[in-house]
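Biologist: I have not looked at this chain before. Please show it, and then I will ask about the words used for its parts.

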Amino acid sequence: MSNDSYNFGQDASNGLNAKKSRSLLFTLITLGVIAVVFLSVAQFITDRMWFESVSATQVFDTLLITKIKLFVLGALLGLVAGFLTIRYSLRNRSAFTVPSSSPNAQSINEVLSKVSKFGTWLVPAVLGLITGSSFAALTEQWLLFTNSQPFGEVDATFGRDISFFVFELPFLRSLNGFLSTIVVLCGLLAVILHYLQGNIRVITQDNNRVKMNFSDDARRQLAVTTGLFLALYAWSYYLDRFSLVLSTNDLITGMKFVDANIKLPALNILAGISLVVAFLFLANVFMKNWALPILGSALLIISSVLIGGVWPGFVQQVQVKLDEQTIESPFIERNIAATRDAYGLSNVNYQSYEGSETVDSAILAKDAATLQNIRLLDPYVASTTFEQLQQLKGFYSFAPTLDVARYKIGGETRGALLAVREINLSGIPESQQNWLTNHLIYTHGIGLAAAYDNTSTVDGQPAFFESDVPPTGLLNVTEPRIYFGEESTQYSIVGGSKNIELDYPDDSKPSGQQNTTYTGKGGVAIGGTLNKLLFAARFGEPNFLLSEQITDNSRVLYNRTPVERVEAVAPWLTLDGDPYAAVIDGRIVWILDGYTTTGNFPYSQTTSLADATSDSFQQRTTDSNINYIRNSVKATVDAYDGTVTLYAWDEQDPILKAWSAIFPGLVQNKSQMSDSLLSQIRYPEDLFKIQRDILRKYHISDPKAFFTGENFWIVPDDPTYSTGGLPQPPYYLNIKMPGDTKQHFQITATFAPAKRPSLAGFMAVNSDFGDDYGKITLLQLPSQTTIPGPVQAQNLFESDATISSQLSLLRQGGSNVVLGNLLSLPVGGGILYVQPIYVESSGAGGFPLLRKVQVGYGQKVVMADTLSSALSQVLGESVEPNPGPDTGNKTDAELLDAALARAQKAYNEGQAALRTNDWAAYGTAQKKLAAAIAEAQRISNRMVMN
C-alpha cells in the first residue's frame, strides 16, 4: 500500500471520528439543554402547586404576569432602539466601504458585512434581553407606583404628599436610569459602527493638532443620542431635588440649611442648563457646527462643579459654621418630628422618674403585682434544661431560646416559658438514616413544654404545667403534631402508606412507638406519575417514582418553616426575627410579625435594620436601611396543616393599603382574629429594638440640645454575655409601670448615658391586646442620677465580698455557675435589679438548675436562696410570690392535700382504663394526673419559699 493511499485512509478515518465527536458533542449539549429546561419547568410548576396549596396563587400569578409584561416592554424598547441605531448607522453601507488603502480594510469590511447581514437583528435582540431583564427587576417598584396610596400628610419643602416619595419617586429614578442606560448603549454602538466605516475619523494635522471629522450621518445620529441623554440628565437633576429630603449627612437625614438654600436652587439651574445643552445638540442635526454644543457642555460641567459642589461647601464653611446650632435648628426640628412620626414614636408617654436609691414604702405597696410576677427563668439559659428534661428522645429538639408567653390558668394570667418539641433529623443515629426514615417516617415533632416563669421546683427545675409525650397539662392541646416548624427544613412525604410515620415514643408498645398517618390538608398532593416525575426532578430524588410507599394519596410537604411560608405568601413584608409558638383553640400555631418599611420617608432618620435589631440573643444576617416602619401584619402558620393567614394589624398604613390593592383579599381584617389569638399576640421584638435605637437620640425634642448631643443615650451592653460588646436584649415582663392601675405583659429595655455607666432611662411597651396595646412609656431619670445601669449593677454584684464567697462555694465540686438575665424593674420609686443564678454540672449531660437569686436596689445587693428572701433583705419588707389561682380561704397544706387527692383519683381512673383497653379514657386520665401533679408542685414550691 502506498503512503498516499495510507494517508487518504487515515484522513478519512480522522474525518469520520471528528464527525462522530461533533455529533456526540451536539447530542450531549442538546440533552443538557433539555435537562436544564425540564428542571426549570419542574421548579416552576411545583412552585405554583405550592402557592395553590396555601391559597396564594394570586401572589404567584400577579408577580409573574407583571414581570413578563415589564420584560416584554423593556425588551421592545431595547430591541427597537438597537435596531434603529444599527439601521441608521449602516443605512449607506451598500454605497460605502472602507478604502482598500486603509489598514485592516479587508477585515473591517468583512465585519461590517456580517454586522449588516446578521447584526441588524442579533445585536438588538441581545440588547433587548438585557433591557427586558433590567426592567422586569423593577416589578415591586412598578406595582407600588401604579397602586400608590395617600399618606394624608405633605412634606415641608415641596408640599407633596408623602406617597410621592414612598411610591412614585423610586420608580421614576429607576426609569430614568433605565432609559439613560439604553441611550448610552445605543450611543456607544453608533460610535463603534461609524468609526469602523470611517464616518468618524481622527486626523493629525501638520501642526500636530488632532481633529475629528464626522460624516453627516454620524453627526446627526450622535447629536440626537447626546441630546436625548442630556434631556434625561436634566430629568435626573429634577428628581435629585426631591431626593434632598432623603439625603443622609453627619447630623440628620433630610435637608439642612445648605441643601435648602444652595443645593436646591443649584439643581434647578443645572436642570435648566442640561435642557438648553440638550436642545443645542438636537439643533446640531440641522447645523453643521459642534461649537455651541461643546461650549454648552463645558458650561454644564463647570456649573456642576462650581454651583453644585464648590459653592455649597463655601457657604457651609463661611456662613453656616459661624452659628451652625442656630441655623440648623429649624431643620433638626423638622427631622425630629418626621422621625418620631415615621417610627411610631409621636405619642410616647415621657415621664420624669426620680430613681431613688431608698425604697418608698407607699410606692412599693402599689408594686406588689410586679414583685409577685418577676420572671426567674432565663429563656436562653433554661433552654438547655428544657431539652434535658423534656426532649425525651434524641430526634426531638427545642429552640435555643425559649418563647416568653402568658396564659390564663385557673382564672389568672401567669407568665410562662414555652418551647415546641420539633423533629431533629440530625439526632437520628447515623446507621438508621436513609431516604425512607428521613422523609417518610420521621416527619414531625409533637407537643410542647411550658413552665411557669416566676418559680421552680424544690431542686431548681422548671415547674412545668405542660409536658411529656403524648402531651399532658393545662393548655388543652388537641392537635399536638408539628409538621411545620422552625426546624422543618427538609421535605416530608405523608398521608400515603398507612401508619408508617412515627408519631411518638411509647414504651407500652412492642415496637416502642406509636405510628400515625397524616390526615391534614397541608402540602401538595403528589397524585399521578407526571407529578411524581416533577417532584423527582425538583428534589433530585428518583424514589418519588420508584418507592412503593408513595401513593396517589401521598402529599409532599416543603417550604415548611414559618418564615419561608410567610415570606413566599407576602414577599413585600420584612419579618420579625423571632417567630413564636402559641396554643390557640387547642392547636399549636406560629405567630409572626410582619413589617412594612421604606427608606423614602422625607426628613426621617435612616437606620440600619441589622444594627438596630442585633443583640446578644440574636444577630440579623440580612440588612437594609430604613426610615419608616409599621407592624402592619400579624401572620399565623398552623403547625399541623401549614395554613398561612395574614391579618391587617395596622389597617391605616398606606404601604399595607397599596399591597392590599395589588393582592386583594390576601390580607384579612383584624376583626377576623379570634379572642384566643388576640390573647397571645405581643408587641414585636424587632420593632421595639428599632424604636429603642431611635429613642437613644430622639427622646430629645429641643433641636439645640439635639445638636450638641450631650444628652444622647446608648443601649447598654449585656453584662452576662460572655464575649461582651453586644447590646442587652429587651425582656418581656409582667410589670406595672408608674402611673398604671394594673400590671401588663410588657417588653422592656434600659438606656445609659453615652459617657457614664449609670441609668438614663427605662422603656416599656404594653403587649396586652386592648386600648393600651402599643402604649410606649419612657421613664427619664435625672441626668446626674447615681442609679447604676445594668453594667454597673452587674459589677456591684460581682464585687460584693459576700456574694463572691457564695459563688465560690457554688463552683465547688466540679460545678459551673451560669448567670441568668439581669432584669431591671421600676419598683418603689427606684430601679430593682434581679438576676437568677444557675448551677450546672461540668460533666456530660449537665444542665442549669436555679439555685440562687441576686437582687440589687441602689447600691445595696444581696444573694439569697429564694427571690422572696432576697427581696425582703433589700427592700426591708416581706414580699410573697404570686400565689397562683384564687384559692379562697384554704391554707397551702389543704390545697396540697386536695391536689394530691386529684392526682390519686386520676391515676386510679387511668389504671381502670388500661384494664378495659379504653385508650381515649386513659389519655384523659393522664392529662388530669399531670395537671394535678403540676399544681401540687407549684403549691409545694410556694410552701418552701415561705
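Modeller: This is a predicted model. Its largest nonpolar core has 203 residues, and Phe386, Trp572, Leu646, Leu832 and Val855 touch the most other members. Helix H7 (residues 257-283) gives the most to this core, with 11 residues.

Biologist: What makes a set of residues a nonpolar core?

Modeller: The members must be buried residues of kinds such as Ala, Leu, Phe and Trp, joined through side-chain atoms within 4.5 Å. A second, separate core has 12 residues, including Tyr442, Ile446, Val469 and Leu502.

Biologist: Which residues does Phe386 touch, leaving out those up to four places away in sequence?

Modeller: Among them are Gln391, Phe398, Leu402, Leu417 and Ala419. The list also holds Ala449, Ala450, Ala451, Pro462 and Phe464.

Biologist: How much of the chain counts as buried?

Modeller: Of its 946 residues, 51% count as buried. In helix H14 (residues 529-539), the buried residues are Lys532, Leu534, Phe535, Ala536, Ala537 and Arg538. H14 is followed by Gly540, which has a positive phi, near 60°.

Biologist: Why is Ala337 called partly exposed?

Modeller: The relative accessible area of Ala337 is 49%. Buried needs a value under 20% and exposed a value over 50%, with partly exposed in between. Ala337 is therefore partly exposed. This residue lies in helix H9 (residues 324-342).

Biologist: Where is Tyr603 relative to Ala337?

Modeller: The two are 266 residues apart along the chain, and their C-alpha atoms are separated by 8.6 Å. For the chain as a whole, 68% of contacts between residues at least 6 apart in sequence join residues at least 24 apart.

Biologist: What makes helix H4 (residues 139-146) oblique to H5?

Modeller: H4 and H5 pack at an angle of about 135°, and their axes are 8 Å apart. Roughly antiparallel needs over 145 degrees, while roughly perpendicular runs from 65 to 115. H4 passes H5 in a left-handed crossing. From H4, the contact takes Gln141, Trp142, Leu144 and Phe145. From H5 come Phe167, Glu168, Pro170, Phe171, Leu172 and Ser174. These residues divide into seven nonpolar, two polar and one charged.

Biologist: How do you know that helix H2 (residues 57-89) and H6 are roughly antiparallel?

Modeller: The axes of H2 and H6 come within 10 Å and cross at roughly 160°. The cut-off is 145 degrees, so H2 and H6 are roughly antiparallel to each other. Thr85, Tyr88 and Ser89 of H2 make the contact with Asp217, Arg220 and Gln221 of H6. The contact divides into one nonpolar residue, three polar and two charged.

Biologist: How many helices and strands does the chain have?

Modeller: There are 26 helices and 35 strands. The C-alpha atoms fill a box of roughly 115 × 95 × 55 Å, taken along the principal axes.

Technical notes:
Residues numbered from 1 in each chain as written. Predicted model: local features only at pLDDT ≥ 70, side-chain atom pairs only at ≥ 80, totals over all residues. Heavy atoms only, no water. Buried < 20%, exposed > 50% of the residue type's maximum accessible area, 1.4 Å probe, protein only. Helix = DSSP H or I, 4+ residues; strand = E, 2+ residues; numbered from the N terminus. Contact = heavy atoms within 4.5 Å. Axes fitted to C-alpha atoms, helices over the stretch in contact; angles between N-to-C directions. Left-handed = near helix turned anticlockwise from the far one by under 90°. Nonpolar A, V, L, I, M, F, W, Y, C, P; charged D, E, K, R; others polar. Parallel < 35°, antiparallel > 145°, perpendicular 65-115°, else oblique.
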